[in-house]
Amino acid sequence: MRLPLSVLIAAVVALLIILAAALAPWIAPTDPTDLRSLNLLNAEIPPMWTAEGDARFWLGTDNQGRDLVSAILYGARVSIAIGLAAVAASAVIGIALGLLAGYLGGWVDAVISRVGDVILSFPTILLALLVAGLARAFVPQGQMTVWMPFILVGAITIHDWVQYARTVRGSTLVERAKDYVRAVRVIGLPAHRIMLGHILPNVISPVLVIATINLAGAVLTEATLSFLGVGMPPTYPSLGTLIRIGNEFVFSGIWWIALFPAVTLVILVLAVNVLGDWLRDRFNPKLRGRE
Amino acid sequence: MTALTIEGLTVRYPLGAGRVLTAVDGASLSLKRGEIHALVGESGAGKTTIGAAVMGLIDPPGEITAGRILIEGKPIAEVRLGADIGAVFQDPMTSLNPLFRVESQLAEGLRHHLKLSARAARARSVELLTAVGIADPERCLRSYPHQLSGGQRQRVVIAAALSCDPGLVVADEPTTALDVSIQAQILRLMRDLANQRGIGVLLVTHNMGVVAEIADTVSILHRGRIVEQGPVASVLRTPQDAYAQALIGAVPRIDRRLTRFPVPGAQDPVADTARTALQRHTIARTSGAMIEVENLVVEYRSGGPFARKSFRAVDGVSFRINAGEVFGLVGESGCGKTTTAHVIAGLIRPTSGVVKFAGAAQTTSRARPVQMVFQDPYASLNPRLRVGRMLAEPILFYRLARTVADAEHDVATLLQAVGLDATAAERFPHAFSGGQRQRLAIARALGARPRVLICDEPTSSLDVSVQAQILNLLKDLRDATGLTLLLISHDLAVIRQMCDRIGVMQAGKIVELSKAETLFLAPAHAYTKSLLAAVPSLDALDRRGL
């Protein structure tokens, strides 16, 4: 098996961004969440290669004097963490409900499938806005930074689990009718052991593909929510928050605050999507052997 | 006149990495018009490849590397498929296009090859359908394939093969997908067409009974080579080649009962010891009823809430299986035999009726007293589980072994008892052949220490020689452990070789239930008689006076 060049590049880029984000506290020049380190005198300095640039701030600073490189690294860390958590939560909930619906059938299937249909009839962002907006009302003002990531994960998960559940339900229906499942039913194993021990390993591969593609989607949803102001607060910015902050200054000629976080976001999402597409084709038996 | 001559045909498939599979190796045969020549062999023998080569259907990377094929004296390049050669394939459902009416499918070849007008083509279609024994040809022409029965569909396929008056018809397993009674009709039709129209038929089949029933000459293939060739009577009665002898010997006979199937190779002493070890698991043999089935009904409902339709898959079935006996359920597809088995195994809840286990009260463990072996060993083993884990699962779940080490020891014993090496536990199911997989399925079923083993068509998807081994294994296990067996099959010869008592099912009911010998020597019910008459078997040679 040979990796196409585009996939290889995407893998390297995604890995670099994710690694840099994970290591942000150790490699970032400053800590953008530490308000004491900020100096308003440093605000709105353009990137270092421009005439008014400052060698301390490679990509310049934002309106509060935060180093943009550090802000992007920390912001990507927040975005990716929320994306991964949302994918994990969606996958776990979706797989569990999909197995139950497919294996038990009857009213369990009817309830899960109809709830899923209703949820899918709303656009992702609308539902996420609703959840994030509502949840904000219940969080005490001072603890927003602590609670917001969980709220965002919930807001994304409430829509995304359906896709996993549908996929797993379909494959479970197929596997359930096979004789190896009948054989363990005759042995008398309880339903949960059959579902987890026998059916799950046989339905999991498409789930991994969906998870990869959904990771990009989840990062985007989080960025959108933060951009619209219902996501991460400016004191603990994600990539979306940084773009929102920068957006207010674009027309004043201060383009770098919005541009660099946005470029990071685009590259990250693109790389993950290329990987996801490739995985999907790899696991699609109809496309196999065409190479 | 010679319809087909094959001289030294060799077909090779490159496997990559420089290796080459020789699917057919120097095969020669000649076939006269009006003659039926059978190509028999087990899967992978190369019989289908020869059929495909004659039709010019060897797809790249496959390649004819040597030899030549002449159809009525003409090389294959000058021959038109569909006009000079007719083709009949195994599954009539897939060889007809489901989106077109029979008329357009029949007329296509007529208009293309014979340049007939629409009206002439229609008249010829009616004539053809009448010739293949379709009762109402006009109506058949207006039908879509799904509106016809399996037998009618295969008749339509044969009519299409005959449409341009070919001198040669290649039939690849033409009756394998059909029930016995339909199979008998189609075989008779092919024999009649060969005789009356003087068509040469190249019949590819794995079924020795079919060969005995209609073939004039036969070639037995083994790993791409023709190992035996000649008139059907001499090849089947007095084969010279060792493989041919073994293959014919392994065919279950319907005319008399043997204690074991002849299989080359001696008994394995390891297996015997392991089987004796299994005796510990089963409690001393009991007598009397093991399973009593009373008035079993299974109904399937379909349609909406206002137009309820119900179908009775099992319609008031009652029978008793005695401890230690082999009970057979036989019948054609859709007769309800598998549904009955699923109810006994606890997979389906019956609409009404009861299944009582006498054996259940005597077992001390919580394990289910009934286990099941399924038809297709490729679907019945979880592809993601190592064999050892799969076999250990019931043992650990029911705490039939005290420690994990004990369970591993039990797994090794089970593997040896079914004639496999204990190291098989390390591997995944895909590393095993069909016959070995069926052995694994049997081992898994035995792991839960059942009193009753249900075998649903356990050998239908296996080659004859492998079938013989599996049936011998089931017999040996029964003898060693006193297991009660419920054997479900559509194959009357297998049933005869294995069973003590037999129930014949038709349309959800048991129409006849008697001892094996009585059933085969003096069948009482008309349906049983017609089934027995329809089975293609080796003793057809006697009936044909060959």
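Modeller: The expected span of a helix is 1.5 Å times one less than its number of residues. Please bear in mind that this is a predicted model.

Biologist: How many residues has helix H15 of chain B, and what distance does H15 reach from its first C-alpha to its last?
Modeller: Helix H15 of chain B covers residues 434-447, which is 14 residues. Its first and last C-alpha atoms are 20 Å apart, close to the expected 20 Å.

Biologist: Is H15(B) enclosed or open?
Modeller: H15(B) is largely enclosed by the rest of the structure, because 13 of its 14 residues are buried. Buried here means under 20% relative accessible area.

Biologist: And which residue with a positive phi follows H15(B)?
Modeller: That is B:Arg449, with a phi near 55°.

Biologist: Let us stay in chain B. Where is B:Val132?
Modeller: B:Val132 sits in the loop that links helix H4 (118-131) to helix H5 (137-142) of chain B.

Biologist: Is B:Val132 buried or exposed?
Modeller: B:Val132 has a relative accessible area of 0%, so it counts as buried.

Biologist: Which residues is B:Val132 in contact with, leaving aside neighbours within four places in sequence?
Modeller: The contacts of B:Val132 are B:Arg155, B:Ile158, B:Ala159, B:Leu162, B:Leu189 and B:Leu193. As for B:Ala159, its C-alpha lies 6.3 Å from that of B:Val132, although 27 residues separate the two along the chain.

Biologist: Turning to chain A, how many helices and strands are there?
Modeller: Chain A has 10 helices and 0 strands. Its C-alpha atoms fill a box of roughly 75 × 50 × 30 Å along the principal axes.

Biologist: What share of chain A is buried?
Modeller: Of the 291 residues in chain A, 46% are buried. The chain exposes about 14200 Å², of which carbon and sulfur atoms supply 69%.

Biologist: Finally, how much area do chain B and chain A bury between them?
Modeller: They bury about 1800 Å², with 58% of it on carbon and sulfur atoms. On the chain B side, B:Leu347, B:Glu393 and B:Phe397 lose the most area to chain A, together 30% of what that side buries. In terms of contacts, 23 residues of chain B meet 18 residues of chain A.

Technical notes. Residues numbered from 1 in each chain as written. Chains lettered and ligands numbered in written order. Predicted model: local features only at pLDDT ≥ 70, side-chain atom pairs only at ≥ 80, totals over all residues. Heavy atoms only, no water. Helix = DSSP H or I, 4+ residues; strand = E, 2+ residues; numbered from the N terminus. Buried < 20%, exposed > 50% of the residue type's maximum accessible area, 1.4 Å probe, protein only. Areas by Shrake-Rupley, 256 points an atom, 1.4 Å probe, with all protein chains shown as cover. Contact = heavy atoms within 4.5 Å. Buried area = accessible area lost by both parts, 1.4 Å probe.
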